[in-house]
Amino acid sequence: MLSDRVYSGVIAAAWLIWPGAAAAHIGVHGSDGFVTGALRPVMDFSQLLATISVGLFVGWQNAGNANRAAGAFVAGLVAGLAGAFWSDLSNLPAGLLHGVAFAGGFLAALARPVPVFFAVTLGGAGGLIIGLALLPGSESVSEAGFALVGGFFTVTLIFIYAVFAVNWLRGRASKPWLLLGLRIAGSWIAAIALMMLALTLRA
Amino acid sequence: MMPFKKLSVLSGAILTVFFSVVAVPAMAHGGGGVSGGFLSGFTHPILGWDHVVAMVAVGLWGAFLGSPAIWILPVAFPLVMAFGGALGVLGIPVPAVEAGIAASSVVLGILIAGAARAPLWLATLIVAVFAVFHGHAHGTELPEAVHPLTYAVGFVCGTGLLHLLGIGLGFLTRLPSGVIAVRVCGAAIAVIGASFLFGVI
């Protein structure tokens, strides 16, 4: 299980930085792109579902596997963002994100640890696809760069929150229905993603 | 056995959350796009009484069967329902969808009324089979939805809340004479389901 102190530190640092994005006067160069990119993973529901589902899945893994899977997710995310920055991936199939959300949600609903290879593969692939889907959509190269940094920031934060939520509840919850809530969340995400996947295939 | 006070608080909380959320569609400005899609999906299972009684029955039977059914059924149902929904989205026909939905209320209602304690695998199988019919009905409407993603989110949330409502009612079984009340609920669900099945309603 990942260290609570590490999570707490990352989350505290993230929230120290975050108020800057909400400030009334955001005249710093690149801040518009950063804010746009940071909001993208929250405004795009497909990305949000995919990120949360992978986080829930990783949270259910054993300590060593969770660390490796989380590392693979971040590495995949960086690779995906780099791919989005330097490549024209405007035709990235929308079903990929739904596939990630379904796989993560389904495994989170099962709430069972999986072999390390599988955990790392899903974590890495999830990060990669989520990163690739964060296309900047900006004319300016620098703005696009800031947007991707913002996207990285938010996706990582959401992912850590999801992993942390599962870890925290697994460690402290004496009430079984709290853990059941996490499994139901995984189940609902998988259900939504499966139907969206079908809709994508239909199109 | 759960103390009565805790039980009351828990059931009250579930009912409050449920009805608070249900109240949203009554707003004057329903909106379109994202919010319209969510409301449309959310109200689809809630405004259809054939869906309502069946979903409540799933939660009720789960609570009646106790652990682990109480948590397996609400986890398994959305997944299988989504499979049925995917069939509907892809245009793959499932025979007698409406009859299957009505039959789900009849069968689950009878099982609750008869206090049937089926093995877990059988309970899951029964619920899963009926989930396909419910999912197909939702999925057929998905492509025409204003915002398909939020429609899907809405109807999964609506369905899940109905399960929780049933589970909340199912806690009555932990009270003296509560089992009788739950069995009466099961009988009522079966009657409503039969009314749909035979076209009375």
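Two residues are in contact if their C-beta atoms, placed from the backbone, lie within 7 Å. Among contacts in chain A between residues at least 6 apart in sequence, 87% join residues at least 24 apart. This is a predicted model, in which local features need pLDDT of at least 70, side-chain atom pairs count only at pLDDT 80 or more, and totals for chains, interfaces and linings use all residues. Residues are numbered from 1 along each chain as its sequence is written, while chains are lettered from A and ligands numbered from 1 in the order in which they are written.

**Chain A**
- Chain A has 8 helices and 0 strands (DSSP runs numbered from the N terminus: helices are H or I of at least four residues, strands E of at least two).
- Of the 203 residues in chain A, 48% are buried (20 or more other C-beta atoms within 10 Å of the residue's own; exposed means 12 or fewer, partly exposed in between; C-beta atoms are placed from the backbone).

**Interface of chains A and B**
- Contacts link 19 residues of chain A with 21 residues of chain B.
- On the chain A side, α3 (45–59), α5 (95–110) and α8 (176–202) each give two or more residues, and α8(A) gives the most, with 15 residues.

**Helix α8 of chain B**
- The buried residues of α8(B) include B:Val182, B:Ile189 and B:Phe196.
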